[in-house]
Amino acid sequence: VSRFEGITMAPPDPILGVSEAFKADTNEMKLNLGVGAYRTEELQPYVLNVVKKAENLMLERGENKEYLPIEGLAAFNIVTAELLFGAANSVIQQQRVATVQGLSGTGSLRLAAALIERYFPGAKVIMSSPTWGNHKNILNDAGVPWSEYRYYDPKTVGLDFDGMISDIKAAPEGSFVLLHGCAHNPTGIDPTPEQWEKIADVIQEKNHIPFFDVAYQGFASGSLDADASSVRSFVARGMELLVAQSYSKNLGLYAERIGAINVVCSSADAAERVKSQLKRLARPMYSNPPIHGARIVANVVGNPALFSEWKAEMELMAGRIKNVRQKLYDSLSAKDKSGKDWSFILKQIGMFSFTGLNKAQSDNMTNKWHVYMTKDGRVSLAGLSSAKCEYLADAIIDSYH
Ligand code: PMP
């Protein structure tokens, strides 16, 4: 008998498990709209040209593979903070940001959670309902208590703004408010600039601390600056806050695990102390981060020619997604005779669309139509081609009614 007899089977991951089921399906029409990974119009994975160019530069230089410092590659940490806040931002000029390279968005959030657990004992993180499923796992494993604030309104397939505001108000003073900087996952529903200001007002009123997750900068709208505007408007108010960043989507560096945690502090002195503690938390977890992705980002963002080429490629990716979003809406509106208003699809932003399909309807999408998606009704438009929009519309209409 095994010493591991007491270990029960873990459930499959609700997002990554979808890809496993997709692989096993032999139907020709099958479509993987589960995981949020960009595909070309031919539904193939895509490596950005700027990434290949940066890698060639790295090969030519013959750089070594020595350990990085605990906080990561210095050149990366500088450009990543500048990209997020803007190089001219006073928080950068005054060295009030503690930036530590992380293991992509997930690892950076995990480090932030460890900081909260250690230095804000008992403080709660409040997150949107729904949110990216891994947020809860990350906080649970870090031992940080959390609860949810209202966000999604199924009646309008839109934002429940009043519910959101009153729940943030009702949270214990000094809570951390987890916010998606842009392209909310899974709903694709973002607050308007005016709504962001009101959110900032109540957070300040209640002495809460904003905790941004920015996993889609530049990928949501096609503009790096526009997608950072929520974070920057909070920073402009002089608020202290946390921001986790990821280069999985906007540079297509999924498997390189490259991102960062940034803590904006009210003084350079506080930032230095926070950074020292982030390093202390990272050391026993993974010692130091990987170098390859950090070098790619530093080369792309730090080189004017590659930087502008990156922006063009990002616009192309964001544009392709906007295009299939429009085409899906057109197909749904043309084919559906029930009079249902599908315009919520056009109001959503980023790589995901929340269809409003419930679990049973999502099951029908997969079982009958071979469309693989998460059971909350989310589809990744990054995995959809124009050629398959009509097929997807047929599947959605059949599953709805
Ligand atoms: N946050 C959100 C909201 C996400 O959607 C993702 C990617 N699915 C991440 C964080 C982190 O992804 P990664 O660890 O690959 O950077």
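**Close-up views of a predicted model**

**View 1. Pro130 sits in the loop between strand 3 (125–129) and helix 6 (134–142).** Welcome to the first stop in this predicted model. The bond to look for here is the one joining Ser129 and Pro130, a cis peptide bond with omega of about 0°.

**View 2. A cis peptide bond runs from Asn185 to Pro186.** Here omega is near 15°. To find the spot, follow the chain out of strand 7 (176–180): Pro186 belongs to the loop that lies between this strand and helix 8 (193–205).

**View 3. Ala183 has a positive phi although it is not a glycine.** Stay with the loop between strand 7 and helix 8, where Ala183 is also placed. Its phi is about 55°. Is Ala183 buried or exposed? Ala183 counts as buried, because it has 25 C-beta neighbours inside 10 Å and 20 or more are enough for that class.

**View 4. Gln95, which is not a glycine, has a positive phi of about 55°.** Most residues other than glycine have a negative phi, so this backbone deserves a friendly second glance. Gln95 is found in the loop between helix 4 (90–93) and strand 2 (97–103). With 13 C-beta neighbours inside 10 Å, Gln95 counts as partly exposed, because that class lies between the limits of 12 or fewer for exposed and 20 or more for buried.

**View 5. A shell of 13 residues surrounds the ligand.** The closest are Ser104, Gly105, Thr106, Ser246 and Ser248. Which helix supplies the largest share of this shell? That is helix 5 (residues 104–119), which provides three residues. By residue class, the shell has nine polar, three nonpolar and one charged.

**View 6. The largest nonpolar core has 115 residues.** Ala112 and Val297 are the residues with the most contacts inside this core. Helix 13 (residues 304–335) is the element that gives the most to the core, contributing eight residues. As general background, nonpolar side chains tend to be buried together in soluble globular proteins.

**View 7. Ala112 is one of the residues with the most contacts inside the largest nonpolar core.** Which residues does Ala112 touch once its neighbours within four places in sequence are left aside? Ala112 is then in contact with Phe211, Leu242, Ala244 and Ile261.

Methods. Residues are numbered from 1 along each chain as its sequence is written. This is a predicted model: local features need pLDDT of at least 70, side-chain atom pairs count only at pLDDT 80 or more; totals for chains, interfaces and linings use all residues. A residue is near a molecule or strand if its C-beta atom, placed from the backbone, lies within 6 Å of it. Helices (H or I, at least four residues) and strands (E, at least two) are DSSP runs, numbered from the N terminus. Ala, Val, Leu, Ile, Met, Phe, Trp, Tyr, Cys and Pro count as nonpolar, Asp, Glu, Lys and Arg as charged, and the others, Gly among them, as polar. A nonpolar core is a set of buried Ala, Val, Leu, Ile, Met, Phe, Trp, Tyr and Cys residues joined through C-beta atoms within 7 Å. Two residues are in contact if their C-beta atoms, placed from the backbone, lie within 7 Å.
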